[in-house]
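Please keep the sequence and the structure at hand while reading.

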Amino acid sequence: MTSINEQPIPAARPVIGEDEIEAAVRVLRSGRVVQGPEVAAFEEGFSRLVDGRHCVAVNSGTSALQLLLLALGIGPGDEVIVPSFSFAASANAVRLTGADVVFADIEPGGFGLDPAAVEAAITPRTAAIMPVHLYGHPAAMDQLMPIAEKHRLAVVEDACQAHAAALNGTPVGAFGAGGTFSFYPTKNMHALEGGMVTTADAGLARTLRLLRNQGMEQRYANEIVGANMRMTDVSAAIGRVQLAKVEEWTEQRRANAAYLDAHITAPAVTTPPVAEGARHVYHQYTVRIRGDRDAAMARLTEAGVGNAVYYPTPIHRLKPYWEPDQKAGRIWELPQTEKAAAEVVSLPVHPSLTRNDLERIVAAVNALGENL
C-alpha cells in the first residue's frame, strides 16, 4: 500500500516546461502559426536523427502513416502486411487508403514482426510491409529488408514510439522507403501533437508535401488531390525544444531500464528482451507476467506504481477488422500475438523517475513473487 507521504508513480509523464511554454508564446506573438519557419527548422533538425533523410512534418503520427502509404501509390487492390500487436493506427492508416490489411504474427518472446510470418503472408497483391518498432525497440530490419527486396515490396516503418532507436548503428526511420514518427504528448519527445515522415527519396518527399497541403506547393496551384494535414508552428516550436533534449532523456530512459533489468527478480515476471545490435529507447518498459495479470496490476497500483497494458486487444480482434474479416472467411492464426496481449504490462520508465521511484517499482514488482 502507498505511504501517505508518497505519491503514486505515474506510468507516463509528459514534459511541458518553461522552455516549451516560452517557445509556444514566441510563435503566437509572431503571427506565423501554421507551416512556417518553425516547421521548416523542425524538419531540418529532425533529419539529424534519421541519417539526414528528408523530413516532412504533419499533424499526427497516423497522418504520417496514411500520407506515406498514399505517396507510395498504395490503395485499393493492394495488401500491406502489419503486426496485429500494435496500436490500431498502424492498421487504420492502411484501411484509410483503401488497401487491405494482412496481419502477421510477432516473434516468439519479442514484440516485433516475425520475418518468417511476414514471408508466409506475402501474396501477389502485397505492396508493402509495415514493421512497427514497438515500445521503442527496433523491429528485425536486418531480416525484413532482404525479404522486401526479394519480393520488391515497399517498407513503411512505423517508428511512432521509437525516436532515436537504432539497429546495428542505423536509426529507425532510415531503413525503408519511408519512416513515420509521432509527437503525441506521452511519446519520448512531443510537440503536443504532430507527426513526421522521413524518406531518402526527394521526389517522394515533394509528393508528401503536396499531399499534406491540399495538393499544392504554390497557393491555388493545386497539382494533385491532397488534404489538410499540416503541422502548426506552435507544435514545431515545442518539438524543436524537445528535440534538443531527446538524447539526454533517451539515455535516462535507458539507465532507468538497466536498473529495472538488474533488480527485478520476481520469477513470474520477464523483463523486456533486447535484440543483439539494438538500441532500445524504452518508450515503454514492458514486462510479461505469467499468471493472474489483473491481480498483479491491482497489487502494483495499490503499491503506488502506475502500470498499463499496451495492447490488451490485438488489432485483428477489434470490431472494424474482426467483423469484416469473419464475413470474408479470413481467420488469422496469431498465437504469439495472442500470448503477448494476455501477458504484457508496462511499468514506469520515463526520465522523470527518481532513484526512490525506481526502488519502489522494483520492490512492488518483486513482491509479486511467483504465485499469481
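## Strands, helices and open space

Strand β6, residues 166-167, is joined to β7 by two bridges, and the two strands run antiparallel. In this pairing Ala166 stands opposite Pro171 of β7. The coordinates come from a predicted model. Both strands belong to an open sheet of three strands with the order β7-β6-β11 and antiparallel pairing. The edges are formed by β7 (170-171) and β11 (278-279), each of which pairs on one side only.

A helix pair comes next. The axes of α9 (residues 246-263) and α13 (residues 355-366) come within 10 Å and cross at roughly 35°. Their crossing is right-handed. From α9, the contact is made by Asn256, Tyr259, Leu260 and His263, and from α13 by Arg355, Leu358, Glu359, Ile361, Val362 and Asn366. By class, the residues of this contact are five nonpolar, three polar and two charged.

| Space | Volume | Lining residues by class |
|---|---|---|
| Largest pocket | About 440 Å³ | eleven nonpolar, eleven polar, three charged |
| Second largest pocket | About 320 Å³ | 13 nonpolar, nine polar, three charged |
| Largest cavity | About 100 Å³ | seven nonpolar, five polar, three charged |
| Second largest cavity | About 50 Å³ | five nonpolar, four polar, one charged |

The largest pocket holds about 440 Å³ of space. It is lined by 25 residues, and those closest to its centre are Phe87, Gln161, Ser182, Lys187 and Tyr311. Helices α3 (61-71) and α4 (89-97) each supply at least two residues of this lining. The most comes from α3, which gives three residues.

Of the 25 residues in its lining, Glu107, Gly112, His137, Pro138 and Ala275 are the closest to its centre.

How many cavities of 30 Å³ or more does a search of the whole structure find? There are two. The largest cavity has a lining of 15 residues, and nearest its centre lie Arg13, Val15, Lys187, Asn188 and Arg253.

Two points of backbone geometry remain. Most residues other than glycine have a negative phi, and most peptide bonds are trans. The peptide bond from Tyr310 to Tyr311 is cis, with omega near 20°. Asp51 is not a glycine, yet Asp51 has a positive phi of about 55°. Where does Asp51 lie? Asp51 is in the loop between α2 (37-46) and β1 (54-58).

Terms used
Residues numbered from 1 in each chain as written. Predicted model: local features only at pLDDT ≥ 70, side-chain atom pairs only at ≥ 80, totals over all residues. Heavy atoms only, no water. 1 Å grid on protein atoms, 1.4 Å probe; cavity = no way out; pocket = protein on both sides within 12 Å on 5 of 7 lines; lining within 4 Å. Points joined across faces, edges and corners; volume = space filled by probe spheres on them. Helix = DSSP H or I, 4+ residues; strand = E, 2+ residues; numbered from the N terminus. Nonpolar A, V, L, I, M, F, W, Y, C, P; charged D, E, K, R; others polar. Pairing = 2+ DSSP bridges. Axes fitted to C-alpha atoms, helices over the stretch in contact; angles between N-to-C directions. Left-handed = near helix turned anticlockwise from the far one by under 90°. Contact = heavy atoms within 4.5 Å.
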